[in-house]
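This briefing is meant to be read with the sequence and the 3D structure side by side.

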Amino acid sequence: MFDRFRSSADGDPDVDYAAARERMVDTVAHRIDDDRVLEALEAVPRHEFVPPDRRGDAYADRPLPIGDGQTISAPHMVAVMADRLDLEPGDEVLEIGTGCGYHAAVTAEIVGPEHVYSVEYGEELAEQARERLADAGYGEVSVRVGDGRNGWPEHAPYDAAYFTCATRELPDPVVEQARPGGRILAPVGTSHQTLVQADKRADGSLERTEHGGVRFVQMRG
């Protein structure tokens with residue numbers, strides 16, 4: 001974990017967000033093996049990443065709309081994905097689908113914000129995410145507008161890459177940008193989606209494992 005300023009100026013002064021966040025962590029803890037993931041969930045002010053009219057539900061364990069047809073994932077899914085990636089401080093991480101910036105902030109708590117690179121298709125969402133990340137103390141997370149299928153080659157290779165949106169298949173550029181020994185995690189499919197983990201072997205091939213059915217918005221582009 002790292003030191004930073006956390007803003008709560010936009011929160012409802014009548015709501016104890018810290019207590020709500022603790023209850024949220026308690027709700028998902030049984031799914032998670034890595035205590036660092038739970039510490040990251042407890043550190044990130046999720047209410048600052050959702051629209052003001054949704055803040056009363058910010059710590060409920062369910063997805064919420066964030067505008068532009070997109071959602072913020074349920075806390076348990078963010079936690080499960082971070083747990084499966086088995087991240088270490090200093091790992092270089094590529095995120096496909098910035099959305100509101102919350103998932104990137106959780107990742108940043110584990111690896112450090114300067115090691116998180118996120119690609120968002122929607123320009124307005126990307127700009128809003130940058131502002132929210134900066135306000136919450138994660139301004140060193142890098143966010144760019146683009147088609148996530150192309151990854152972000154300038155900062156490759158990555159120790160891990162993950163998708164916050166469903167993809168029909170793992171895009172070749174993202175696979176190529178993962179280093180040997182690196183991990184890719186994505187919801188794969190259309191109407192039926194499966195959380196797929198792909199570990200990259202030394203020869204560049206992938207060892208795939210499946211981790212249950214999921215439901216994410218489809219990747220755009």
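Among contacts in the chain between residues at least 6 apart in sequence, those that join residues at least 24 apart make up 57%. Please keep in mind while reading that this is a predicted model.

**The chain as a whole**

- The secondary structure of the chain consists of 6 helices and 9 strands.
- The radius of gyration of the chain is 16 Å, which is close to the 17 Å that the globule rule gives for 221 residues, and therefore the chain is as compact as a globular protein of that length.
- Taken along the principal axes, the box filled by the C-alpha atoms of the chain is roughly 55 × 35 × 35 Å.
- Of the 221 residues in the chain, 56% count as buried.

**Nonpolar cores**

- In soluble globular proteins, nonpolar side chains tend to be buried together.
- In this model, the largest nonpolar core has 50 residues, and those with the most contacts inside it are Leu41, Phe49, Tyr102, Tyr138 and Val141.
- Two or more residues of this core come from each of the helices α1 (17–28), α2 (35–43), α3, α4 and α5 (123–135), and likewise from each of the strands β1 (64–67) and β6 (158–163).
- Another core, which lies apart from the largest one, has 20 residues, including Phe163, Leu170, Val174 and Ala198.

**A look at Ile66**

- Ile66 is found in strand β1, and this residue counts as buried because its relative accessible area is 8%, where the cut-off is under 20%.
- Although Ile66 and Phe49 are 17 residues apart in sequence, their C-alpha atoms are 8.7 Å apart in space.
- When residues up to four places away in sequence are not counted, Ile66 touches Pro51, Thr71, Ile72, Gly99, Cys100 and Leu125.

**The largest pocket**

- The largest pocket holds about 460 Å³ of space.
- This pocket is lined by 31 residues, of which Thr71, Ser73, Thr164, Phe216 and Val217 are the closest to its centre.
- At least two lining residues are supplied by each of β2 (70–72), α3 (75–85), β3 (93–96), α4 (102–111) and β4 (116–120).
- Sorted by class, the lining of the largest pocket has 15 nonpolar residues, 12 polar residues and 4 charged residues.

Conventions:
Residues numbered from 1 in each chain as written. Predicted model: local features only at pLDDT ≥ 70, side-chain atom pairs only at ≥ 80, totals over all residues. Heavy atoms only, no water. 1 Å grid on protein atoms, 1.4 Å probe; cavity = no way out; pocket = protein on both sides within 12 Å on 5 of 7 lines; lining within 4 Å. Points joined across faces, edges and corners; volume = space filled by probe spheres on them. Helix = DSSP H or I, 4+ residues; strand = E, 2+ residues; numbered from the N terminus. Nonpolar A, V, L, I, M, F, W, Y, C, P; charged D, E, K, R; others polar. Core = buried A, V, L, I, M, F, W, Y, C linked by side-chain atoms within 4.5 Å. Buried < 20%, exposed > 50% of the residue type's maximum accessible area, 1.4 Å probe, protein only. Contact = heavy atoms within 4.5 Å. Rg over C-alpha atoms; globule rule 2.2 N^0.38 Å.
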